[in-house]
Amino acid sequence: MKRFLWVRALTAAAICLSTAAAPASAALAPPPPRLVPQLDLPEPPSAEVARDELADLTVAAPHSMNGYSRAKFPHWATQQGQCDTRETVLVRDGRDVRTDAQCRAVAGSWSSPYDGKPFTVSGQLDIDHVVPLANAWRSGADTWDTPRRKRFANDLDEPQLVAVSAASNRQKGDQGPDLWKPPLRTYWCTYARAWTHVKHHYGLSVTQAEEEALVEMLDTCGA
C-alpha cells in the first residue's frame with residue numbers, strides 16, 4: 001500500500017512538472033510569420049507631366065566619378081521597428097507577404113516589372129534604385145551632403161525604389177536609359193516616367209543621349 005501511494009505521488013509530481021514546463025516551452029517557440037498588408041507603389045506622374053519635367057531638366061556632360069562610393073549614400077535605413085528600406089519595399093511590391101519577427105520576408109510572391117519573371121523567394125530579388133546611385137553622383141549628387149544622399153537612397157515617397165529580379169538589376173548596373181532599358185518593353189513608359197520624375201524632383205541633370213532615350217521611351221506611353 002505504501003509503495004502504491006509512493007508511485008502515485010511520483011506520477012502526480014511528474015504531471016505537475018510537465019504542466020508547469022509547457023508555458024516556458026511555448027514561450028521559447030518563435031512567433032508565426034505575420035501577414036503584412038500590401039502598400040501602394042508610388043505612381044510616377046503622367047506621361048504629359050513627365051515630358052514637361054524632362055524639358056525642364058538641365059542637359060549636361062556627366063560629372064567625374066572621383067570620390068564616389070556607395071557608402072556615401074547610406075542604405076538601407078531603418079523605416080519602422082525592425083523594418084529597413086529593403087524589407088519595406090519587398091512587402092510593398094509583393095503579394096501575400098509574410099514576415100518574421102525581424103521583418104524579413106519569409107513568404108510571398110513577386111513579379112519583377114523589368115523582365116516579368118515571377119518569384120516566391122525574396123532572396124532572389126534586388127531592390128533597384130531606378131536612378132542608380134552612381135548615375136546620381138555623375139548628375140549632381142556629388143555636391144550633396146550625406147543626409148540628402150541618404151534620403152535619395154531610401155526614398156519611399158518617390159518612384160525611386162522597386163523590387164526586381166537580381167539578374168535584371170545586375171545587368172542594369174549604373175547605366176542610364178541610353179545604355180540599358182528594361183527587357184520588358186511594356187514597362188518602358190513607367191520606367192521613363194519614374195526616371196524623369198526622380199531626376200526632376202532631386203534637381204539632377206541628364207546627358208544628351210539620356211534625354212533622347214527618355215523621349216523614345218515616353219513615346220511608348222501614347223497620347
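Colleague: What should I know before reading the model?

Modeller: The model is predicted, so local features need pLDDT of at least 70, side-chain atom pairs count only at pLDDT 80 or more, and totals for chains, interfaces and linings use all residues. Residues are numbered from 1 along each chain as its sequence is written, and side-chain values use heavy atoms, with hydrogens and water left out.

Colleague: How many helices and strands does the protein have?

Modeller: Helices (H or I, at least four residues) and strands (E, at least two) are DSSP runs, numbered from the N terminus. The protein has 8 helices and 8 strands.

Colleague: What percentage of the residues is buried?

Modeller: Buried means under 20% relative accessible area, exposed over 50%, partly exposed in between, with a 1.4 Å probe and protein chains only. Of the 223 residues, 43% are buried.

Colleague: Is helix H3 enclosed or open?

Modeller: Helix H3 spans residues 85-93. All 9 of its 9 residues are buried, so the rest of the structure largely encloses it. Strands E2 (78-80), E3 (83-84), E4 (95-99) and E5 (105-111) are among its cover, along with E7 and E8.

Colleague: Which residues does leucine 90 touch?

Modeller: A contact means heavy atoms within 4.5 Å. Leucine 90 lies in H3. At 0% relative accessibility, leucine 90 counts as buried. Leaving out residues up to four places away in sequence, leucine 90 touches Val97, Ala105, Trp110, Ser122, Leu125, Ile127 and Ala163.

Colleague: In which sense do E7 and E8 pair?

Modeller: Two strands pair if DSSP finds at least two bridges between them. E7 (residues 125-129) and E8 pair in the antiparallel sense over 5 bridges. Aspartate 128 has valine 162 in E8 as its bridge partner. E8 (residues 161-165) is mostly covered, with 5 of its 5 residues buried.

Colleague: Which residues lie nearest the centre of the largest pocket?

Modeller: First, the idea. Rolling a probe the size of a water molecule over the atoms shows where empty space is left. On a 1 Å grid over the protein atoms alone, a pocket is an open set of points where a 1.4 Å probe fits, with protein on both sides within 12 Å along at least five of seven lines; lining residues have an atom within 4 Å of a point. Here 15 residues line the largest pocket, and Arg70, Ile127, Asp128, His129 and Asn169 lie nearest its centre. E7 gives the largest share of the lining, 4 residues.
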